[in-house]
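Please take a moment to look over the sequence and the three-dimensional structure that follow, and keep both at hand while reading.

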Amino acid sequence: MEERILSLEREVKLRNLKLSRIEEKLDELLSMLIEQKVAARQPDAERHSANEDTQVQEQVPQPSSKETNAIEETEKDKDDEQERHEEDEAVPEIPVLPVRTVNAFLTLDHNCARNEAFLQQMAEKLQQNVVASQKRDRNARRVMETLVTNDVLCQFSWSGRDAITDSSSPSLFPKYRFADLSGIIALLVKALSFGLNAEQTEQERFSILKNIRSVVKHSSQNKKRFCQTRNE
């Protein structure tokens, strides 16, 4: 009986051993199947991803010709702004005064309009001729005579003038428009507002411009007066 029992136990152990081996084999087969499926799906996933990238690239809108032109204009504006900034940084030299040619006077106007530091330096130089005890119209004439010769100033009028030639009147040469010289006007206002703060300068601006306009208007008379004084 005992032998029978022992024999049965051995058979059970053998069967259990076979079952465990079978389970191991099944696990190995299952692992292999999973690896094969993963390997088979990977190329499909890569192809799918590549297709998605291509579709995304195709869906990205390309700029139109108008948009391209707008971008180019924006870049050009940036370049122009950079050039203006570089011009502003380079302060021109103070010219020899009084200015003796129209071209030099126009160049001075350009520099005053484009460069704040230069404008300030020029104003401080002209303010040396402002006498606080004198009336502004007299100071305006003194500052203008320091800035530019009457020979040059006579070639300007406040509103400008075309050449006039007919049988009933003598030939009148064209005159430059002084009102367009924004840099020169800013310089003169700054010089003649010596001792005033910003608010006071703004309040007196019309009066200062009136004095400047009067000097321009009477430049020919001032030139004759200067010539007579020099001859005497």
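Leu26 counts as exposed because its relative accessibility is 53%, where exposed means over 50% relative accessible area, buried means under 20%, and partly exposed covers what lies in between, with a 1.4 Å probe and protein chains only as cover. This is a predicted model, in which local features need pLDDT of at least 70 and side-chain atom pairs count only at pLDDT 80 or more, while totals for chains, interfaces and linings use all residues. Residues are numbered from 1 along each chain as its sequence is written, and side-chain values use heavy atoms, with hydrogens and water left out.

Leu26 belongs to helix H1, which covers residues 2–59; helices (H or I, at least four residues) and strands (E, at least two) are DSSP runs, numbered from the N terminus. Together with Leu19, Ile22, Leu29 and Met32, Leu26 forms a nonpolar patch on the surface, and these residues have about 500 Å² of accessible area together. Such patches are made of residues with over 30% relative accessible area and no salt bridge, with nonpolar side chains (Val, Leu, Ile, Met, Phe, Trp, Tyr) joined within 5 Å and like charges within 9 Å. The areas themselves come from the Shrake-Rupley method with a 1.4 Å probe, and for residues only the protein chains shown count as cover.

Now turn to the whole protein, which has nine helices and four strands. Read from the N terminus on, the elements follow the order α-α-α-α-α-α-β-β-β-β-α-α-α. The protein exposes about 17700 Å², of which carbon and sulfur atoms supply 50%, and 21% of its 232 residues count as buried. Among contacts (heavy atoms within 4.5 Å) between residues at least 6 apart in sequence, 64% join residues at least 24 apart.

Which residues do ring pairs link into a cluster? The cluster consists of Phe105, Phe156, Trp158, Tyr176 and Phe178, and the structure holds five aromatic pairs. Rings of Phe, Tyr and Trp (its six-membered ring) pair if their centres lie within 6.5 Å, and planes under 30 degrees apart count as stacked, over 60 as edge-to-face and the rest as tilted. The rings of Phe105 and Phe156 have planes at 75° and centres 5.4 Å apart, so this pair is edge-to-face. The pair links distant parts of the chain, with Phe105 in helix H3 (residues 102–114) and Phe156 in strand S1 (residues 156–157), 51 residues apart. Both Phe105 and Phe156 are buried. Trp158 and Phe178, in turn, form a stacked pair, with 5.7 Å from centre to centre and 25° between the planes. Trp158 lies in the loop between S1 and strand S2 (164–166), and Phe178 in the loop between strand S4 (176–177) and helix H7 (182–192), so the pair ties together parts that are 20 residues apart in sequence. Trp158 and Phe178 are buried as well.

Ser157 also lies in strand S1, and it counts as buried because its relative accessible area is 17%. A polar atom of the Ser157 side chain lies 2.9 Å from the backbone nitrogen of Gly160. Leaving aside residues up to four places away in sequence, Ser157 touches Lys175, Tyr176, Arg177, Phe178 and Val216.

Ala123, in helix H4 (residues 116–126), is buried, with 1% relative accessibility. Again without residues up to four places away in sequence, Ala123 touches Leu187, Lys190 and Ala191. The C-alpha atoms of Ala123 and Ser193 are separated by 9.7 Å, although these residues are 70 apart along the chain.

Finally, consider the charged side chains. The structure holds two salt bridges, each defined as a side-chain nitrogen of Lys or Arg within 4 Å of a carboxyl oxygen of Asp or Glu. In one of them, the side chains of Arg136 and Glu204 meet at 3.2 Å, N to O. Arg136 lies in helix H5 (residues 136–147) and Glu204 in helix H8 (residues 198–217), so the pair ties together parts that are 68 residues apart in sequence. Arg136 is partly exposed at 23% relative accessibility, and Glu204 is partly exposed at 29%. A salt bridge also joins the side chains of Arg177 and Asp180, at 2.9 Å, N to O. Here Arg177 is partly exposed, with a relative accessible area of 39%, and Asp180 is partly exposed, with 49%.

Note on methods
Polar contact = N/O pair within 3.5 Å; in protein donor to acceptor, adjacent residues only side chain to side chain.
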